[in-house]
Amino acid sequence: MTAVEDRPAGFVDNDQKPVGYGRMLRKEDPRFIRGMGRYVDDINLPGMLHLAILRSPVAHARIISIDTRAAEAHPKVKAVVTGAILAEKGLAWMPTLSNDVQAVLATDKVRFQGQEVAFVVAEDRYAARDALELIEVEYDILDPVMDVRKALEPGAPLIRDDLEGKKDNHCFDWETGDAAATEAVFAKADVVVSEDIVYPRVHPAPMETCGCVADFERVEGKLTLWTTSQAPHAHRTVYALVSGLPEHKIRVIAPDIGGGFGNKVPIYPGYVCAIVASLVIGKPVKWTEDRSENLVSTGFARDYIMRGEIAATKDGKILAIRTNVLADHGAFNGTAAPIKYPAGFFGVFTGSYDLEAAYCKMTAVYTNKAPGGVAYACSFRITEAVYLVERIVDCLAYQLDMDPAELRLKNFIQPDQFPYTSKTGWVYDSGDYEPAMRLAMDMIGYDELRKEQAEKRAKGELMGIGISFFTEAVGAGPRKDMDILGLGMADGSELRIHPTGKAVLRVSCMSQGQGHETTYAQIVAEEIGIPPADIQVVNGDTDNTPFGLGTYGSRSTPVSGAAAALVARKVRDKAQIIASGMLEVSVADLEWDKGSFHVKGDPSKSVTIQAIAMRAHGAGDLPEGIEGGLEAQICYNPSNLTYPFGAYICVVDVDPGTAQVKVRRFVAVDDCGTRINPMIIEGQVHGGLTDGVGMALMEMISFDEDGNCLSGSLMDYLIPTALEVPEWETGYTVTPSPHHPIGAKGVGESATVGSPPCVVNAVMDALKPFKVRHADMPLTPSRVWEAMQGRTRPPI
Amino acid sequence: MQVPAPFEYARAGNVAEAIGLLERLGSSAKLVAGGHSLLPMMKLRLANFEYLIDINDLHGELGYITVASDQIRIGAMTRHRELLESAPLLAAFPIFRDAEHVIADPVVRNRGTLGGSLCQADPSEDLSAVCTTLDASCVIQGSGGQRVVSMAEFHRGPYETAVGDDELLIEIRLPLRAGGSSAYEKVERRAGDWAVVSCGAALWMDGGTIAEARVGLAAVGPNTTGIPAIGELLRGKAPSDELFREAGALASSSCSPVTDLRGTEEYKRHLAGELTRRTLSTCVARIKQGV
Ligand SMILES: Cc1cc2nc3c(=O)[nH]c(=O)nc-3n(C[C@H](O)[C@H](O)[C@H](O)COP(=O)(O)OP(=O)(O)OC[C@H]3O[C@@H](n4cnc5c(N)ncnc54)[C@H](O)[C@@H]3O)c2cc1C
């Protein structure tokens with residue numbers, strides 16, 4: 001099915017809401033719109049204390065001494081804790097999500113500016129902050145490693161001398177594909193194009209910074225942690241493993257989250273500090289990070305320096321892609337990715353094209369920068385992979401002087417090739433690329449735009465048309481080869497129908513604004529015919545939801561969404577048996593008619609799901625062997641990832657005098673399989689596109705040579721506003737996933753993945769008269785102007 | 001959440017009281033007007049002092065735009081938004097409309113003041129560039145009385161002004177002269193960002209020739225840069241693209257930008273020239289249209 005998204009007039013009226021899939025307003029929005037959301041920082045408990053963290057002012061230094069006496073003497077201070085104190089309890093270091101270790105508080109050295117050095121617990125947050133200034137730390141400053149290209153040079157300062165036997169800043173090597181086969185294809189190719197492509201360090205910068213309230217109740221011996229977490233269950237297990245508290249005595253609650261984007265996947269030292277403080281002092285302790293702390297110390301994203309190479313025939317048949325990547329992992333390897341995938345799913349860098357060979361070699365290094373490498377809506381490094389392939393394909397189009405749309409159309413994996421195994425071993429579940437591409441071209445009026453561009457070029461005006469076509473691999477993942485710290489990436493779901501036919505669905509994933517309370521209610525509604533308004537969706541409380549790995553990497557609908565549908569089907573199966581008793585026919589004689597069962601051939605003999613629910617809980621006999629109640633629980637283990645895709649085209653105008661870029665139009669055609677709530681999908685796409693424009697044009701975490709982070713505020717780290725983005729034009733095709741119970745694929749990150757190359761390709765297209773083939777993001781006016789002068793690697 | 005260091009708070013009811021407080025508390029005190037430059041620095045603990053003197057109650061006394069035959073006088077507490085909404089000011093100097101539309105956002109403009117902007121003396125500050133362009137003079141008051149200084153004398157380096165510890169900037173005076181117009185352009189990386197470079201121009205015609213022209217550039221030197229050589233170049237000549245290109249070249253070579261995250265030195269020099277050329281052309285176009 002291929003269609004331009006219609007904008008139905010009546011969908012704002014929730015009385016006409018669908019019993020199942022379709023547009024409806026988000027059930028959670030009234031509380032957000034009215035300012036009634038409840039975030040971690042809204043939690044205030046009696047007797048609660050406040051924690052503030054002293055951070056390193058320098059990037060690399062040995063700690064000589066820490067004098068906390070003056071801080072301890074502050075009348076409102078309850079405790080001052082250093083790394084040495086934590087070390088006595090064996091808590092100075094903690095595991096990262098990539099099996100590295102990270103300092104909770106520095107003991108020996110500080111390894112990045114902003115690293116946690118000590119913390120203060122005080123009666124209020126002002127006193128806690130004031131007391132930080134009373135702590136005296138003496139540092140022996142060491143040379144920092146800031147340039148990732150120099151990290152492995154002989155004689156480079158050693159960052160991780162905490163690791164036994166470590167002699168250099170090497171973090172890991174990784175490769176995928178077939179080097180020899182790829183070399184053979186490159187050797188025979190008519191055309192080879194290579195380009196150095198940098199995906200700079202960026203930051204998720206959620207509006208709500210990270211924080212927690214830790215409350216250790218001494219009598220019960222139970223810790224309750226309200227925290228900004230996209231993965232409450234995974235966090236609970238890690239806390240149990242690290243702290244030694246038994247897992248049933250830890251309750252992790254993630255209340256409303258003000259944006260995650262991967263920033264709230266890792267466990268940060270601040271959480272551990274607050275837990276330790278509450279355990280020791282016996283009072284609730286709150287830690288809320290400030291904006292600068294969030295930007296300089298928490299999980300960044302990207303930071304890949306990629307050499308891309310593409311081999312093709314002279315008429316534009318792409319034969320092979322090869323890449324060499326230098327990955328900057330900061331001071332500790334905190335990447336959040338399935339453990340066997342140190343580079344996440346970067347292996348999908350072969351894109352949407354049918355190749356003969358592909359190969360990637362990656363070297364990851366430590367630098368004196370903040371750890372992380374998490375996500376930022378990257379579907380586990382797919383953002384980098386898609387940027388690489390879509391940029392290098394455009395470089396090829398430039399070299400061949402071929403239309404970039406035509407080049408892509410010529411090389412797509414064809415519908416009859418699915419399931420398609422890529423040259424790096426990924427099994428694409430389903431796809432039909434050409435209709436999506438053609439739809440995007442029609443929507444934007446591609447041919448007319450090319451004409452307009454030719455006319456403008458003749459007048460010296462700079463207009464560019466950019467295309468990107470992406471395929472993602474989301475919904476991690478099959479437990480046979482995907483786990484995080486040994487925890488399989490399956491997700492649970494529990495559905496209870498109450499006697500009156502209302503329901504509660506408990507899920508293990510965790511909404512950060514994606515609209516789960518609505519989407520999951522709609523999934524269940526579609527399966528059992530109870531209106532979404534009658535279905536409460538509960539997430540984010542480990543005592544009240546089944547185990548699962550949380551929300552990131554666009555995995556919620558592919559994994560938890562599947563679990564929600566399957567648990568509803570399980571309930572429906574039981575309902576059918578109860579209905580057979582009520583209607584006194586055999587189970588096989590019943591037909592499901594969304595919301596009720598009726599006797600085959602006699603629709604007048606029927607019972608509604610609500611009536612069945614009452615019977616399940618009521619008096620009277622149930623069919624032989626059937627227990628009372630109407631509920632079920634399942635755990636869904638996906639058999640494969642899902643592979644959403646999309647065709648994006650945008651138009652930019654570049655001011656030839658000032659080099660400012662204006663995104664004039666942007667068409668996004670997404671295929672995420674079955675569409676549950678199109679309005680929510682559009683919202684996800686709009687947000688991701690805005691993110692993408694930000695990364696393409698303005699976002700970057702930068703450092704000076706001394707290791708100072710220059711992007712510690714939102715005046716320095718720019719994120720786009722409504723004024724920088726056009727009115728988004730969205731369209732869709734539907735190619736269901738064959739293995740997902742409802743055919744849905746994830747969409748949370750599609751637009752963030754697909755839009756940066758689209759914008760950059762458009763700017764490069766605009767600069768074609770200057771013979772510019774590539775320039776690195778962010779394409780600030782200065783960088784665009786430098787590129788126009790022939791300098792594609794500006795000093796900043 | 002970022003929290004400032006401890007401080008005492010006092011609220012001045014009028015100019016005399018504010019000066020009295022300043023005299024008593026000396027350099028340990030700081031005035032707060034709109035607070036949109038000062039409060040962020042306090043929250044980052046870049047500005048730390050013992051006393052904060054709030055002068056927002058002086059808005060009645062110092063929030064005004066008065067048009068006389070030879071000058072416009074603007075009180076230091078006049079807010080961005082009031083500048084943007086003053087029909088007589090915008091009629092005389094359309095540069096204010098251009099500039100105010102690209103200063104921060106409405107939230108900031110509702111509170112930020114002309115006096116605070118000039119006293120902040122940020123090298124990228126837009127209203128300072130406007131005032132330099134318009135040859136403004138600044139009225140400074142202390143217990144000993146008032147003194148009037150030019151913009152060039154007012155700014156003494158980044159974040160430094162001629163206002164003493166026990167003084168207050170109370171008024172800005174803009175000389176009025178017939179036959180002219182003005183314009184402002186700013187290149188920013190994103191709406192609400194500080195300028196990469198911005199440029200104001202004011203130009204007066206006498207028949208077919210330029211009687212006077214002034215340019216004020218922000219973000220290309222320690223303070224707003226006025227380039228008198230441009231006036232000398234343009235005076236007595238008929239406006240033309242070629243001439244304004246020459247003026248632009250003068251601006252490029254006379255300013256002193258540095259490479260930072262907003263742009264390279266070369267790019268900023270280029271912009272100084274480009275924006276000079278554009279704003280001068282806009283002035284001429286506006287004079288022709290009678291605006
Ligand atoms: C998000 C954001 C974006 C911004 N973007 C821009 C921009 O693009 N361009 C731009 O030009 N500005 C920008 N600004 C600054 C804004 O215009 C400020 O409001 C202005 O610079 C300062 O005015 P204020 O009244 O808020 O001063 P305050 O912050 O109250 O004071 C600033 C300084 O001036 C002193 N002071 C204030 N009044 C007097 C007085 N009468 N006499 C003596 N000293 C005084 C104070 O003691 C302090 O040192 C931005 C601000 C923010 C928060």
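How many bridges join strand 27 of chain A to strand 28 of chain A, and in which sense do the two run? Before I answer, a word on the source: this is a predicted model, in which local features need pLDDT of at least 70 and side-chain atom pairs count only at pLDDT 80 or more, while totals for chains, interfaces and linings use all residues. Residues are numbered from 1 along each chain as its sequence is written, chains are lettered from A and ligands numbered from 1 in the order in which they are written, and side-chain values use heavy atoms, with hydrogens and water left out.

Now the answer: four bridges join strand 27 to strand 28 (residues 596-599) of chain A, and the two run antiparallel; strands here are DSSP runs of E of at least two residues, helices are runs of H or I of at least four, both numbered from the N terminus, and two strands pair if DSSP finds at least two bridges between them. Within that pair, Leu590(A) stands opposite Val599(A) of strand 28.

These strands belong to an open, antiparallel sheet of three in chain A, in the order 27-28-29. Strand 27 (590-593) and strand 29 (602-608) of chain A are its edges, each pairing on one side only, and the twist from one strand to the next averages 35 degrees, where axes are lines fitted to C-alpha atoms, for helices over the stretch in contact, and angles run from 0 to 180 degrees between N-to-C directions.

Helix 14 (residues 556-583) of chain A packs on this sheet, touching strands 27, 28 and 29 and making about 45 degrees with the direction of strand 28, contact being heavy atoms within 4.5 Å. Helix 15 (residues 609-617) of chain A lies across strands 28 and 29, at about 50 degrees to strand 29.

Let me turn to the ligand, which lies between chains A and B. It is surrounded by 31 residues, the closest including Leu31(B), Glu125(B) and Asp126(B), where a residue counts as near if one of its heavy atoms lies within 4 Å. Helix 8 of chain B gives the largest share of this shell, four residues.

As for polar contacts, meaning here pairs of N or O atoms within 3.5 Å, an oxygen atom of the ligand is 2.7 Å from a polar backbone atom of Leu38(B), and one is 3.4 Å from a polar backbone atom of Ala104(B). Taken alone the ligand exposes 960 Å², of which the protein buries 93%, by the Shrake-Rupley method with a 1.4 Å probe.

Conventions:
Polar contact = N/O pair within 3.5 Å; in protein donor to acceptor, adjacent residues only side chain to side chain.
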